[in-house]
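Please read the following briefing alongside the sequence and the coordinates. It begins with one side chain and its surroundings and then moves on to other sites and to the overall fold.

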Amino acid sequence: AGSALLNIVAVNTTGKTDTASDKSYYEELLEENGYDPDKEYVSVSTGIGVSTDPNDAMSQNSLQLVQNKFMANAVDVFFADTELVLSLGEFGYMQNLETVLSDEFKEKYKDSFVYATVIETGEKMPVGIKIADNNWVRDTGWYGDDVTIGFGENARNMELALKFLEYISDK
């Protein structure tokens, strides 16, 4: 079966499934970056729904599931609505984009950054990029007008996660 090289978690999707949920969809990305799709694959989780409403018990369970994925280093690329990315950023689950993005990408996306102030440190940093107008995101049908991409603080394959951002930026 091989091993997951990149873990993509997309929360609060529309429920539409498309080819972007299939492992085979990412073979080109893997091959372009020197990986063998017969041995390694991209893991995609799209079935989790989370609300930021503290009174929604079912959603609280889903939020814990998402937090557990972050703590288990099982989130490389994260898609969600802006409010959820911001909230997870405040709790330190998201990468500081200032430290991981190339200068080219910082320049390209700076007007789309979502900033969070990390509760533990008081540090304000960009934790996500609003990308609702991205062709790849539109083609998946996963989101409507509000979608932000970010990267897990403990991403196992940050290099490939950034290549993925480059990949979807070129679509």
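In this predicted model, a polar atom of the K106 side chain lies 2.9 Å from the backbone oxygen of E98, which is a polar contact in the sense of a pair of N or O atoms within 3.5 Å, where within protein one must be able to donate a hydrogen and the other to accept it, and where residues adjacent in sequence count only if both atoms are side-chain atoms. Because the model is predicted, local features need pLDDT of at least 70 and side-chain atom pairs count only at pLDDT 80 or more, whereas totals for chains, interfaces and linings use all residues. Residues are numbered from 1 along each chain as its sequence is written, and side-chain values use heavy atoms, with hydrogens and water left out.

- K106 belongs to helix α5, residues 103-109, where helices (H or I, at least four residues) and strands (E, at least two) are DSSP runs numbered from the N terminus.
- With a relative accessible area of 19%, K106 counts as buried, a class that means under 20% relative accessible area, while exposed means over 50% and partly exposed lies in between (1.4 Å probe, protein chains only).
- Once neighbours within four places in sequence are set aside, K106 is in contact (heavy atoms within 4.5 Å) with L97, E98, L101 and F113.

- Strands β4 (residues 113-117) and β5 (residues 124-130) run antiparallel and are joined by five bridges, two strands being paired if DSSP finds at least two bridges between them.
- Within this pairing V114 stands opposite G128 of β5, and in the hairpin, which has six residues between the strands, G122 adopts a positive phi near 75 degrees.
- T148, found in strand β6 (residues 148-151), is buried with a relative accessible area of 0%, and its side chain makes a polar contact of 2.8 Å with the side chain of T82.
- The contacts of T148, leaving aside neighbours within four places in sequence, include V114, G128, I129 and K130 as well as F78, F79, A80, D81, T82 and V85.

**I48 in strand β2**

- I48 lies in strand β2, residues 40-48, and is buried, its relative accessible area being 12%.
- Although I48 and V66 are 18 residues apart in sequence, their C-alpha atoms are 8.1 Å apart in space, and V66 is listed among the residues that I48 touches, together with A10, V11, N12, S62, L65 and K69, not counting residues up to four places away in sequence.

**Helix α7**

- Helix α7 (residues 158-169) has twelve residues and reaches 16 Å from its first C-alpha to its last, close to the expected 16 Å, a span defined as 1.5 Å times one less than the number of residues.
- The buried residues of α7 are M158, L160, A161, F164, L165, Y167, I168 and S169.

**Overall fold**

- The protein has seven helices and six strands, which follow the pattern β-α-β-α-β-α-α-α-β-β-α-β-α along the sequence.
- The radius of gyration is 15 Å, close to the 16 Å that the globule rule gives for 171 residues, so the protein is as compact as a globular protein of that length; the radius is taken over C-alpha atoms, and the rule is 2.2 Å times the number of residues to the power 0.38.
- Buried residues make up 47% of the 171 residues, and among contacts between residues at least 6 apart in sequence, 68% join residues at least 24 apart.
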